[in-house]
Amino acid sequence: MSANQHSDGRVGNRIDGYTKFWETDPNQESQTNNENRLGSYTDVVNGYYDGATQVYEYAWGSSFHFSRFYKGEGFYQSLARHEHYLAAQMQLRPGMRVLDVGCGVGGPAREIATFADVNIVGVNNNEFQVQRARRYTKRAGLDKQVTFVKGDFMNLAEQFGENSFDAVYAIEATCHAPSWEGIYGEIQKVLKPGGVFGVYEWCMTDAWNPSIPSHKELAHLLEIGNGIPEMRLLSDARKAFVNVGFKIEHEEDLAERPDEVPWYYPLEGDLRKAQTPWDLVMVWRTSWSGKLVTHTGLRLLEMLGLVPKGTWEVCETLKIAGDALVKGGQTKLFTPMYLVICRKPLEE
Ligand SMILES: C[S@@+](CC[C@H](N)C(=O)[O-])C[C@H]1O[C@@H](n2cnc3c(N)ncnc32)[C@H](O)[C@@H]1O
């Protein structure tokens, strides 16, 4: 273990070096910078999650994704319903062996395993998150049904072997890949012929035009605030599924549904919009006073050496993320829920 490696899996200089992957001014952003992030995607993404995971858990729970809301629906119910919806669209059946690509700390895997009665393997390249996922899953008594492995999802076939899963899903994770063809191609390989892949993808919608400076800046802020090497277009994701050999059975940008309560409302920090009394606490955490408390608290924890150096700076980028996500949602230039259900063809 290097001097920089903490026993919980976090790596100090990775966290500390995170923001250096971006120039602060998007207009000075160079091709070299972009290539550097894509080439170093492992350090970019791990630096981000080593720093941000505990704040994610504090603000969001153990499922690190967005969801649609019915009026009056509680925050955690809505997260679970989004997971159930994916499982239902994929038609998961009891006993299936399922891979969760980029599984976070395992919230969706535990929920979907229970909902659909399937066995899930979660893969995640972040050691800190893998350790936490295992701990929470054991505590929930699901450790026989849901297991976790540390690994880069760009090498799935090498890690698991070809044709080894009945189904694969990815929730808001494959946007971290250096290329969509690369990650979808790996998923295609590990699926059995006839197997299904379901994904909620993060992308810029086709209304996004990088030659417009404000659009370019929005993508840049989404990248730095969320540990994403490069934001890409929805139409490029669609092409990538087809290029690697998937047959698309269903696709829909769920952010286009006319929901009265938008998916980004929890980030607006507007207490009047809380859907249930308990959700007041959750919404407060993203209000200006809630953020002040979190960020001052983190600064203090870092000074006391209770979180690794650089954690505070990574978490400062979460403020950028929150504002950019709300703006991306309001302008519909961005979606975190492009749903695609596609199938690996049966062998001839
Ligand atoms: C926004 S989080 C979503 C986590 C989880 N799907 C959920 O909804 O709770 C993205 C996840 O992708 C993982 N990830 C990113 N790049 C990865 C890679 N190259 N290999 C494996 N996991 C990766 C991150 O570590 C993180 O756990």
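Which elements do the buried residues of α8 pack against?

1. The buried residues of α8 pack against β1 (97-101), α7 (156-160), β4, β5 and α10 (234-243). In α8 (residues 180-190) the buried positions are Trp180, Ile183, Tyr184, Glu186, Ile187, Gln188 and Val190. A residue is buried if 20 or more other C-beta atoms lie within 10 Å of its own, exposed if 12 or fewer, and partly exposed in between, with C-beta atoms placed from the backbone. Two residues are in contact if their C-beta atoms, likewise placed from the backbone, lie within 7 Å. Helices (H or I, at least four residues) and strands (E, at least two) are DSSP runs, numbered from the N terminus.

2. On provenance, this is a predicted model, in which local features need pLDDT of at least 70 and side-chain atom pairs count only at pLDDT 80 or more, while totals for chains, interfaces and linings use all residues. Residues are numbered from 1 along each chain as its sequence is written.

3. The protein chain holds 14 helices and seven strands. The C-alpha atoms fill a box of roughly 60 × 50 × 45 Å along the principal axes. Of the 348 residues, 43% count as buried. Among contacts between residues at least 6 apart in sequence, 76% join residues at least 24 apart.

4. The seven strands form an open sheet with mixed pairing, in the order β3-β2-β1-β4-β5-β7-β6. Its edge strands are β3 (146-150) and β6 (247-253), each pairing on one side only. From one strand to the next the twist averages 20°. Two strands pair if DSSP finds at least two bridges between them.

5. Strands β4 (residues 165-171) and β5 (residues 191-204) run parallel and are joined by six bridges, with Leu191 of β5 as the bridge partner of Phe165. The pairing of β5 with β7 is antiparallel, over eight bridges, and Cys203 stands opposite Thr335 in β7. Strands β6 and β7 are also antiparallel, over six bridges; here Ile248 has Cys342 of β7 as its bridge partner. Strand β7 (residues 334-343) is mostly covered, with seven of its 10 residues buried.

6. Helix α6 (residues 127-139) lies across β2 (119-124) and β3, running at about 165° to β3. Axes are lines fitted to C-alpha atoms, for helices over the stretch in contact, and angles run from 0 to 180 degrees between N-to-C directions.

7. The axes of α3 (residues 41-60) and α14 (residues 311-331) come within 8 Å and cross at roughly 70°. That makes α3 roughly perpendicular to α14 (the class covers 65 to 115 degrees). Tyr48, Gly51, Ala52 and Val55 of α3 make the contact with Thr311, Val314, Cys315 and Leu318 of α14.

8. Is Glu73 buried or partly exposed? Glu73 counts as partly exposed because it has 16 C-beta neighbours inside 10 Å. Glu73 is found in the loop between α3 and α4 (75-90). Leaving aside neighbours within four places in sequence, Glu73 is in contact with Ser78 and Gln275. The C-alpha atoms of Glu73 and Ala274 are separated by 9.5 Å, although these residues are 201 apart along the chain.

Terms used. Parallel < 35°, antiparallel > 145°, perpendicular 65-115°, else oblique.
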